[in-house]
Amino acid sequence: MAPSALSGLVAALETHRGRDRAVRALCYGCQLAGGALAGPQASPSGLPGSLLAVSAELSACRTALRLFDDLAMLRYSCGYGLGPKDEDGLVRALSVLCNVANQLYYPCEHVAWAADAGIIRARAQKWWTLSMGLWALSLLLGILRSLRVLCQLRKLRQHNGTPSPQSRKEVKAQVKAEVLSILAQGADLSNAIHWLPPGFLWAGRFPPWLVGLLGTVSSLIGIYQASRGGSSEAA
């Protein structure tokens, strides 16, 4: 590995977000590998069972680390506020609603975690379902926002006629970023629905390898966007 690449990797792993992206990718990667090796086994043993166990441990690690994310999310939400006045009204509204859903997600997950740990007396499953529903709502709003941005970019390109090479390059980069966001959030939304109570759409129907595959795709897109200067808030 080149020294510059190694330095970049070390710098990323020294940050909370960078480390979370790495743990997330490893978590879903283990679930993908374990589920694929296990096949139709209900309770796999050996290597597949070990990989699935590692995946569960890494997931629990991420849940515990998210106990400290509320203030960071609050700072981001307050910084965005109602959005820039020169931004499209629908994009602003979707962004604000997405921020609200994300802000509510964290305390709900904390209550569920505390109930599972026996710290408080509460129905943990109810709070897990609520937090998962908020995450699914946030992802859906994010997808709608990206679709709206793509529509705005298309209209802009039609109205401006033949843009300059620099402008064309910037629009192309933004379109690529929004498309990748839709793919990542779509993969996460599929998993979020799977984790909701059975009976809702495809809830509870995904095999472990498919959950791992969707999560791995989302994680790799998030790492790529971060390396290009983008942002990902995948949970």
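This is a predicted model: local features need pLDDT of at least 70, side-chain atom pairs count only at pLDDT 80 or more; totals for chains, interfaces and linings use all residues.
Let's start with the pocket. What lines it? The lining has 21 residues. Tyr28, Ser59, Thr63, Met132 and Trp195 lie nearest the centre. By class, 12 lining residues are nonpolar, six are polar and three are charged.

Which helices contribute? Helix H2, residues 16-38, supplies at least two lining residues. So do H3 (46-65), H5 (89-116) and H6 (124-160). H3 gives the most, with seven residues.

Now the salt bridges. Side chains of opposite charge can pair when their charged atoms come close. How many are there here? The count comes to six salt bridges. I'll take three of them.

First up, arginine 62 and aspartate 20. Their side chains meet at 2.8 Å, N to O. This pair links distant parts of the chain, with arginine 62 in helix H3 and aspartate 20 in helix H2, 42 residues apart. Buried or exposed? Arginine 62 has a relative accessible area of 6%, so this residue is buried. Aspartate 20 is at 12%, under the 20% cut-off, so aspartate 20 is buried too.

Next, glutamate 87 and arginine 145. The closest N and O atoms of this salt bridge are 3.8 Å apart. Again, distant parts of the chain are linked: glutamate 87 is in the loop between H4 and H5, arginine 145 is in helix H6, and 58 residues separate them. Glutamate 87 is partly exposed, at 23% relative accessible area. Arginine 145 is partly exposed as well, at 24%.

Then arginine 148 and aspartate 88. Here the closest N and O atoms are 2.9 Å apart. Arginine 148 is in helix H6, aspartate 88 is in the loop between H4 and H5, and the two are 60 residues apart. Arginine 148 counts as partly exposed, at 23% relative accessibility.

One more arginine. Where is arginine 66? Arginine 66 is in the loop between H3 and helix H4, residues 70-80. Its relative accessible area is 9%, so arginine 66 is buried. From glutamine 31, arginine 66 is 35 residues away in sequence and 20 Å away in space, C-alpha to C-alpha.

Last, the surface. Leu6, Leu9, Val10 and Leu13 form a nonpolar patch there. Together they have about 300 Å² of accessible area. Leucine 13 is found in helix H1, residues 3-13. Leucine 13 is partly exposed, with a relative accessible area of 33%. Patch residues need over 30%, so leucine 13, at 33%, passes that cut-off.

Definitions and conventions
Residues are numbered from 1 along each chain as its sequence is written. Side-chain values use heavy atoms; hydrogens and water are left out. On a 1 Å grid over the protein atoms alone, a cavity is a set of points where a 1.4 Å probe fits but cannot get out, and a pocket is an open set with protein on both sides within 12 Å along at least five of seven lines; lining residues have an atom within 4 Å of a point. Helices (H or I, at least four residues) and strands (E, at least two) are DSSP runs, numbered from the N terminus. Ala, Val, Leu, Ile, Met, Phe, Trp, Tyr, Cys and Pro count as nonpolar, Asp, Glu, Lys and Arg as charged, and the others, Gly among them, as polar. Patches are made of residues with over 30% relative accessible area and no salt bridge: like charges are joined within 9 Å, nonpolar side chains (Val, Leu, Ile, Met, Phe, Trp, Tyr) within 5 Å. Accessible areas come from the Shrake-Rupley method with a 1.4 Å probe; for residues, only the protein chains shown count as cover. A salt bridge is a side-chain nitrogen of Lys or Arg within 4 Å of a carboxyl oxygen of Asp or Glu. Buried means under 20% relative accessible area, exposed over 50%, partly exposed in between (1.4 Å probe, protein chains only).
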